[in-house]
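Visitor: I would like a short tour of this model. Please show me the sequence and the structure before we talk.

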Amino acid sequence: MCGKKEMKFQKCMKKMRGRLRKFAILVVALLPILIYCINFYKFSISDNPSDWALFGEYIGGIYSVIVALLVVYLTRYLSKEDNKRNKLIEIVESLYQQIKVIENNDYDYSSIAKLRGDINLNELYLPENIKNKLIKLADQFNEYKDNNGELDLEFKKSVMDSLKNIYEQ
């Protein structure tokens with residue numbers, strides 16, 4: 001968990017990375033034209049279409065490589081994001097089913113322990129608020145089993161709804 005100073009620092013760093021990224025894109029976009037202008041500044045602007053065709057080949061050759069590299073990066077990035085999302089959905093589905101099993105098995109301790117273990121095992125994938133709700137629900141299941149107390153059905157329903165929402169996004 002981050003304190004206010006840490007959150008402010010992280011927000012500032014995120015902003016700086018965004019600005020740096022924009023600057024890098026601008027440099028990469030303008031650099032080939034700048035290099036061309038530096039090399040050929042002493043010549044006047046041509047009226048000859050073949051000179052413009054050569055300039056077009058130069059620009060097209062440079063920017064096609066840049067665009068191809070950008071497409072490779074974006075494909076890799078989106079693939080990683082998709083894999084993370086699929087893993088999250090798999091985890092959410094598993095936890096949802098475990099809660100159903102706990103209810104059907106009369107709140108068996110081993111089922112509750114498995115739920116708690118899976119929550120801890122997959123905490124990197126789970127949003128913090130969902131992880132905390134699941135831990136609280138597992139604790140309520142244990143208390144219910146230990147004391148034959150009341151189970152907060154509204155809370156259980158809100159946890160199940162949260163899991164459904166993640167699954168359906």
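**Loop, rings and helix packing**

Guide: Y107 lies in the loop between helix 2 and helix 3. Helices here are DSSP runs of H or I with at least four residues, strands are E runs of at least two, and both are numbered from the N terminus. The model is predicted: local features need pLDDT of at least 70, side-chain atom pairs count only at pLDDT 80 or more, and totals for chains, interfaces and linings use all residues. Residues are numbered from 1 along each chain as its sequence is written, and side-chain values use heavy atoms, with hydrogens and water left out.

Visitor: What is the phi of Y107?

Guide: Most residues other than glycine have a negative phi. Y107 is not glycine, yet its phi is positive. The value is near 55 degrees.

Visitor: Is D106 buried or exposed?

Guide: D106 is in the loop between helix 2 and helix 3. Its phi is also positive, near 55 degrees. Buried means under 20% relative accessible area, exposed over 50%, and partly exposed in between, with a 1.4 Å probe and protein chains only. At 53%, D106 counts as exposed.

Visitor: Which residues does S111 touch, leaving out those up to four places away in sequence?

Guide: S111 lies in helix 3. Its relative accessibility is 13%, so S111 is buried. Contact means heavy atoms within 4.5 Å. The partners are V101, I102 and N105.

Visitor: How many aromatic pairs are there?

Guide: Rings of Phe, Tyr and Trp (its six-membered ring) pair if their centres lie within 6.5 Å. Planes under 30 degrees apart count as stacked, over 60 as edge-to-face, and the rest as tilted. By this rule the count is six.

Visitor: What kind of aromatic pair do Y36 and F55 form?

Guide: Y36 sits in helix 1 (residues 4-40) and F55 in helix 2 (residues 49-104), so the pair ties together parts 19 residues apart in sequence. Y36 is partly exposed at 23%, and F55 is partly exposed at 22%. The centres are 4.7 Å apart and the planes stand at 65 degrees, which is edge-to-face.

Visitor: Why is the pair of Y107 and F141 tilted?

Guide: The pair links Y107 in the loop to F141 in helix 4, 34 residues apart. Y107 is buried at 11%, and F141 is buried at 0%. The ring centres are 5.3 Å apart and the planes meet at 55 degrees, so the pair is tilted.

Visitor: Which residues do ring pairs link into a cluster?

Guide: Ring pairs join four residues by name. They are Y36, W52, F55 and Y58.

Visitor: Where does the charged end of K87 sit?

Guide: A charge sits over a ring if NZ of Lys or CZ of Arg is within 6 Å of the ring centre and within 35 degrees of the ring normal. K136 lies over the face of F155, at 4.8 Å from the ring centre. The charged end of K87 is 5.6 Å from its ring centre, over Y125.

Visitor: At roughly what angle do the axes of helix 4 and helix 5 cross?

Guide: Axes are lines fitted to C-alpha atoms, for helices over the stretch in contact, and angles run from 0 to 180 degrees between N-to-C directions. The axes of helix 4 (residues 128-147) and helix 5 (residues 153-168) come within 10 Å. The crossing angle is roughly 145 degrees.

Visitor: Which residues of helix 5 does helix 4 meet?

Guide: On the helix 4 side are I130, K133, L134, K136, L137, Q140 and F141. In helix 5 they meet F155, K156, S158, V159, S162, L163 and I166.
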